[in-house]
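I opened this entry to record what holds the two chains together. The structure is placed below for reference.

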Amino acid sequence: MASKEVPEINAGSMADIAFLLLIFFLVTTTMDVDTGITRKLPPPVEDDTKFDIKDRNIFKVLVSSSDRLMVEGERSDISTLRDDVKAFMTNPTNREDLPEKELKFIENLGDIEVSKGVVSLKNDRGTSYEMYIKIQNELTAAFAELRDEVSLQFYGVKFKNLINEDYRKAVKKAVPMAISEAEPENIGGN
Amino acid sequence: MQKINTSALPDIIFMLLFFFMVTTTMREITLIVQVKPPEASEVQKLEKKSLVSYIYVGVPLKTQFGTESRIQLNDAFASATEIPEFIASERESRDEADRGFLITSIKADKATRMGVITDIKQELRKVGAFKINYSSRKVAKLSY
């Protein structure tokens with residue numbers, strides 16, 4: 001009777017086989033999460049329509065081919081850009097040369113003053129991509145901080161922690177991401 | 001001394017194996033340009049990878065192709081004028097319902113000049129691929 005028993009398969013090398021497969025997948029795995037700054041491009045302009053925006057509502061940022069920064073006609077530095085944008089967009093003392101505000105009714109927020117300011121970004125063809133991303137980063141950060149302020153004031157949490165989709169929409173409307181990029185041209189400069 | 005029972009070892013290894021099999025995404029294309037992404041702190045994650053098409057920009061890895069920044073689409077060098085065709089084929093390969101949500105990720109080297117990027121952006125605008133993402137590495141704070 002003993003001879004009829006099925007002999008047990010030796011499973012000792014099972015672990016080795018599994019290890020081999022494991023190492024293969026370990027090596028081929030790339031677990032990179034893609035991150036980046038998201039932007040929406042404007043549709044192409046058909047004709048030379050001039051946009052009628054008052055001068056006081058535009059915050060001009062110029063980047064030269066040697067990565068130097070010009071803000072509102074004056075030489076500037078990237079370290080102050082974020083605060084400059086915030087001060088421009090909020091216009092706390094209602095100065096005449098800073099942007100107008102419009103009283104708008106927004107659902108969930110009620111009547112709120114929305115700045116008409118627009119940040120206009122212009123770069124040269126020779127500007128480095130690194131500098132361009134740095135500036136985009138600072139502009140994004142400035143608007144994110146403004147949104148945080150509104151969100152904290154009304155809902156008591158920062159914008160990124162705000163979960164309700166309707167509330168998020170309301171804050172986005174109160175602080176629109178007003179970054180405009182000029183049509184490309186060579187501005188040169190050193 | 002008593003021998004440790006190792007009969008459960010294969011099971012443990014298999015579990016690890018399945019984890020890595022599921023999380024693995026094999027790289028579909030081989031890079032022929034060098035891409036060192038710039039750093040930024042205000043980044044967003046690209047959630048749905050199936051909706052993303054990539055445009056690579058950088059200096060060719062092999063010096064015989066020059067030292068100027070070039071555009072890579074799929075597996076070959078391309079010029080900016082070939083982008084509309086590329087976007088069309090990317091749209092074609094997606095579900096009809098997803099076509100409106102496609103995102104173009106620009107993976108460019110940080111030393112690239114903006115001229116190349118501007119050309120790409122203009123071509124993308126022409127074909128209506130408005131949603132773009134400037135691929136950058138997340139850092140807690142940028143230094144100046």
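I counted two strands as paired if DSSP finds at least two bridges between them; strands (E, at least two residues) and helices (H or I, at least four) are DSSP runs, numbered from the N terminus.

Conventions: I worked on a predicted model, in which local features need pLDDT of at least 70 and side-chain atom pairs count only at pLDDT 80 or more, while totals for chains, interfaces and linings use all residues. Residues are numbered from 1 along each chain as its sequence is written, chains are lettered from A and ligands numbered from 1 in the order written, and side-chain values use heavy atoms, without hydrogens and water.

Strand pairing: I found β1 of chain A (residues 35–40) paired with β3(B) in the antiparallel sense over two bridges. There, A:T35 has B:K45 of β3(B) as its bridge partner.

Extent: I noted 55 residues of chain B and 50 residues of chain A in contact (heavy atoms within 4.5 Å). The two chains bury about 4700 Å² between them, 62% of it on carbon and sulfur atoms; this is the accessible area (1.4 Å probe) lost on putting the two parts together, summed over both.

Salt bridges: I took a side-chain nitrogen of Lys or Arg within 4 Å of a carboxyl oxygen of Asp or Glu. The rule finds three across the interface of chain B and chain A. One of them joins B:D119 to A:R125, with the closest N and O atoms 3.0 Å apart.

Contributors: I looked up which element gives the most to the side of chain B that touches chain A, and recorded α3(B), with eleven residues.
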